[in-house]
Amino acid sequence: MRGHALLLCACLPLAGCAVFATSGGGPGGLSRFDADLRSLATRGEFERALELTEGKSAPGDDLLRTLQRAAVLRHAGRYDDSNRLLQEAELEIEDRYTKSLSKAALSLITNDRVLAWRPSRVERMLLHCYGALNYLALGDPDEAAVEARRLSGLLEAEEVEAFTDGVEPAGAERELRRAMRAIAALVFEAAGEWNDASVAWRNAGPAFAGLGAGIPGAGGAAGFGTADLAGPAPTGTARPFDARPPPPDSGEIVVVAESGFLPHRVERSAVVPIYRRDVHDLDDHDASDRRDAALCVAWRALGRQPDGPPAGLFDGFGARDLRRCGRRGGGSLYVLALAWPDLRETPDPVRGGTVRVGPDAAAPLRPVADISAAYADEHRSGLAGVLVKAVIRAAAKHAIVEEIREEAEEEDETLGDVVGLLGNAVAVASEHADTRSWNLLPGALHVARIRVPAGRH
């Protein structure tokens with residue numbers, strides 16, 4: 001073997017438990033469907049997993065179902081079928097980013113589940129990453145490079161949008177973007193696209209310098225001294241991320257391993273008192289006053305949770321004085337039922353490891369992307385907006401119920417009471433958090449780069 005090879009190893013965590021039933025709630029708040037799907041995938045029962053995605057318990061969103069099937073097919077080694085579904089999903093995602101105004105309006109009086117599901121920034125990155133790795137597994141590095149360019153284009157567009165909006169991504173999400181640049185660079189190397197690889201390595205930054213193959217811009221090796229790189233590189237041995245191109249009588253194998261699962265979304269809820277000042281401001285035509293009032297209500301809702309509001313959740317949102325949110329101008333007029341998505345971590349059993357190629361060549365698996373942390377950062381960055389919308393929606397439902405109750409009460413007082421009770425029950429029952437996500441994505445990516453003698457391995 002000469003040159004460069006990029007392999008994919010999917011290291012799903014062992015489930016160690018039976019498949020769950022497909023109704024009700026699963027462990028840790030995970031839906032029964034997702035618990036079943038993860039369990040079947042970790043057990044290697046891919047045909048049963050595919051059957052599950054076609055059943056009645058599968059998520060009602062076609063796009064999400066397509067992505068779940070694409071991930072199962074990829075782990076089953078059916079890379080061509082997986083890529084076909086990933087391409088279908090990408091077209092649908094682009095279409096969904098043209099918002100449906102009618103459903104957006106409907107979500108303001110029901111819940112966000114009526115909206116077509118759209119993947120998060122982290123989930124979109126993995127879509128192109130999977131596509132590129134699938135093409136490499138099919139022996140088509142040119143198409144893999146096309147997917148790597150799409151991934152790079154997505155990252156550039158998100159960076160431009162963040163710069164325009166003046167919103168800097170949190171640390172873990174920023175590091176994941178750099179890691180995705182490094183993965184794209186590895187794909188470009190495998191395709192022999194050295195110019196693109198050089199640009200991708202520079203964008204990945206110095207933390208990934210040692211993972212490069214000595215191309216311009218890749219720099220030295222991160223994590224160990226220059227003495228480790230001194231002298232000729234003997235074949236049959238490996239250093240962590242050797243930064244020089246292999247000599248003519250040897251080649252390199254790069255293994256990208258995934259482990260664990262993303263944190264899954266669960267629904268949290270609270271009943272929150274509404275005060276006179278809240279009512280006044282939530283009905284105000286000034287958007288800033290409405291937002292501040294909604295933030296106060298959200299602050300009280302999270303303050304009633306055992307662990308309180310996440311640190312920094314309300315920073316930078318302009319609420320005038322959150323310390324006054326406990327009681328805003330008099331006694332409670334009524335209560336609102338709120339629901340919002342929270343994240344539950346899934347333990348990752350992988351703590352390093354070693355890749356061995358024959359008896360003489362080995363390299364450590366090194367973590368390069370903490371996808372779980374990036375996903376959690378993205379979730380936190382959008383949570384305040386989700387809570388504000390939930391408060392405004394709940395208040396709007398209450399106002400609608402009150403208007404209907406008053407009209408009924410003019411006809412008959414008892415009828416008004418009944419209508420009010422039923423209306424409030426419906427309003428509470430219709431309030432649900434949107435907990436949909438691509439729950440087969442890994443929690444982390446690891447890479448091993450190992451130099452071997454020319455030949456078959």
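This is a predicted model: local features need pLDDT of at least 70, side-chain atom pairs count only at pLDDT 80 or more; totals for chains, interfaces and linings use all residues.
Arg84 lies in helix H4 (residues 79-96), where helices (H or I, at least four residues) and strands (E, at least two) are DSSP runs numbered from the N terminus. Because its relative accessibility is 43%, Arg84 counts as partly exposed; buried means under 20% relative accessible area, exposed over 50%, and partly exposed in between (1.4 Å probe, protein chains only). Residues are numbered from 1 along each chain as its sequence is written, and side-chain values use heavy atoms, with hydrogens and water left out.

**Chain overview**

- The chain contains 13 helices and 8 strands.
- Of its 457 residues, 48% count as buried.
- Contact means heavy atoms within 4.5 Å. Among contacts between residues at least 6 apart in sequence, 75% join residues at least 24 apart.

**Packing of H8 and H9**

- Helix H8 (residues 171-190) packs with helix H9 (residues 194-204) at an angle of about 160°, and their axes are 8 Å apart. The axes are lines fitted to C-alpha atoms, for helices over the stretch in contact, and angles run from 0 to 180 degrees between N-to-C directions.
- H8 is therefore roughly antiparallel to H9, since angles under 35 degrees count as roughly parallel, over 145 as roughly antiparallel, 65 to 115 as roughly perpendicular and the rest as oblique.
- Residues of H8 in the contact include Arg178, Arg181 and Phe188, and those of H9 include Trp194, Asp196 and Trp201.
- By class, this contact has 9 nonpolar, 1 polar and 4 charged residues. Ala, Val, Leu, Ile, Met, Phe, Trp, Tyr, Cys and Pro count as nonpolar, Asp, Glu, Lys and Arg as charged, and the others, Gly among them, as polar.

**Aromatic pair**

- The count comes to 1 aromatic pair, given that rings of Phe, Tyr and Trp (its six-membered ring) pair if their centres lie within 6.5 Å; planes under 30 degrees apart count as stacked, over 60 as edge-to-face and the rest as tilted.
- Tyr130 and Trp438 form this edge-to-face pair, at 5.9 Å centre to centre with 80° between the planes.
- Tyr130 belongs to helix H6 (residues 121-137), whereas Trp438 is in the loop between helix H13 (413-429) and strand S8 (444-453), 308 residues apart.
- Both Tyr130 and Trp438 are buried.

**Glu378**

- Glu378 is located in helix H12 (residues 371-411) and counts as buried because its relative accessibility is 12%.
- Apart from neighbours within four places in sequence, Glu378 contacts Ser120, Arg121, Val122 and Glu173.
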